Amino acid sequence: MKALHRAPLLALLAVTSCGIPATGVVEAGGPASGALPLTPVYFVENGRLAALPRHTGRPGDPTDALRLLMAGPLDGERGTDSTDGLTTELPLLPTAMALPSAAVDVPGGSPSDPSGAAGSASDTPTVTVAGNVMTIRLPAGMAGLSDLGVRQLVCTVTAAYRLTRPSTEALTAAVTGGGHLVRTSDARCPSR
């Protein structure tokens, strides 16, 4: 019977004295991470905005989200005249066309130009951020967007921005260029 009482003690000693020296914290790369967050991109379904999740290399980058939006719905998601599906109110850009990164203000640094006046003369839209104001500068070829098209832009870039900067405060988006001068809030965006 005494041998039975010693068995747990012997097992404990065997486990604790296995010959592996004690070490401190071992740095072995970055923190553990799971799946990258999906960026919501807003397309039109039955006349209303619908958010679809998309993978991007830089979650939280509004310009990457804008690039995904401008590529349009995926082939299997698109609707035709005879079927329901996703559409867009925006002109599509070639998927190979790269967009520049968004400029984001840095505390203590100099904020990005919120007017969009210093934007490039390229044919691609750009996004700049200063505080809680995002400016979406459209090229001249994007004139005549509908209200729904403007909301697609605003909802997509603000939702992407919020992925890494959550806030309950409404973000203001100014859409400029292409004959547009619209200032609106993301409060009109549907919840994802």
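1. A polar contact is a pair of N or O atoms within 3.5 Å; within protein, one atom must be able to donate a hydrogen and the other to accept it, and residues adjacent in sequence count only if both atoms are side-chain atoms. The side chains of arginine 54 and glutamate 77 make such a contact, at 2.5 Å. The structure is a predicted model, in which local features need pLDDT of at least 70 and side-chain atom pairs count only at pLDDT 80 or more, while totals for chains, interfaces and linings use all residues. Residues are numbered from 1 along each chain as its sequence is written, and side-chain values use heavy atoms, with hydrogens and water left out.

2. The overall plan comes next. The protein chain has three helices and eight strands; helices (H or I, at least four residues) and strands (E, at least two) are DSSP runs, numbered from the N terminus. From the N terminus on, the order of these elements is α-β-β-α-β-β-β-β-α-β-β. Of the 192 residues in the protein chain, 37% are buried, where buried means under 20% relative accessible area, exposed means over 50%, and partly exposed lies in between (1.4 Å probe, protein chains only). Contact means heavy atoms within 4.5 Å. Among contacts in the protein chain between residues at least 6 apart in sequence, 59% join residues at least 24 apart.

3. Not counting residues up to four places away in sequence, arginine 54 touches Leu38, Thr39, Val41, Phe43, Leu68, Pro73, Leu74 and Glu77.

4. The sheet that contains E2 is open and has three strands, in the order E2-E1-E3, with antiparallel pairing. Two strands pair if DSSP finds at least two bridges between them. E2 and strand E3 (86–87) are the edge strands, each pairing on one side only. Between E1 and E2 there are seven bridges, in the antiparallel sense. Valine 41 has leucine 52 in E2 as its bridge partner, and valine 44 has leucine 49 in E2. The hairpin of E1 and E2 has two residues between the strands, and asparagine 46 there takes a positive phi near 55°.

5. H2 lies across E1 and E2 and runs at about 30° to E1. H3 packs on the sheet, touching E1, E2 and E3, and its direction makes about 165° with that of E1. For these angles, axes are lines fitted to C-alpha atoms, for helices over the stretch in contact, and angles run from 0 to 180 degrees between N-to-C directions.

6. How many of the nine residues of H2 are buried? Eight are, so described as a helix that is mostly covered. They are Pro62, Thr63, Asp64, Ala65, Leu66, Leu68, Leu69 and Met70. The buried residues of H2 pack against E1, E2, E5, E6 and H3. Glycine 72, which follows H2, has a positive phi near 85°.

7. A nonpolar core is a set of buried Ala, Val, Leu, Ile, Met, Phe, Trp, Tyr and Cys residues joined through side-chain atoms within 4.5 Å. The largest one here has 25 residues, and Ile136 and Leu153 have the most contacts inside it. The elements that give two or more residues to this core include strand E1 (39–45), helix H2 (62–70), strand E6 (133–137) and helix H3 (147–164). H3 gives the most, with five residues. Leucine 153 touches Leu66, Leu69, Met70, Leu90, Ile136, Leu138, Leu145 and Val175, not counting residues up to four places away in sequence. A second, separate core has seven residues, among them Tyr42, Val44, Leu148 and Cys189.

8. The last point concerns cysteine pairing. A disulfide is a pair of cysteine sulfur atoms within 2.5 Å, and by this rule the count comes to one. Cysteine 155 is joined to cysteine 189, with an S to S distance of 2.1 Å. The torsion about this S-S bond is about -100°, so the disulfide is left-handed. Because cysteine 155 lies in helix H3 and cysteine 189 in the segment after strand E8 (180–185), the pair ties together parts that are 34 residues apart in sequence. Both cysteine 155 and cysteine 189 are buried.
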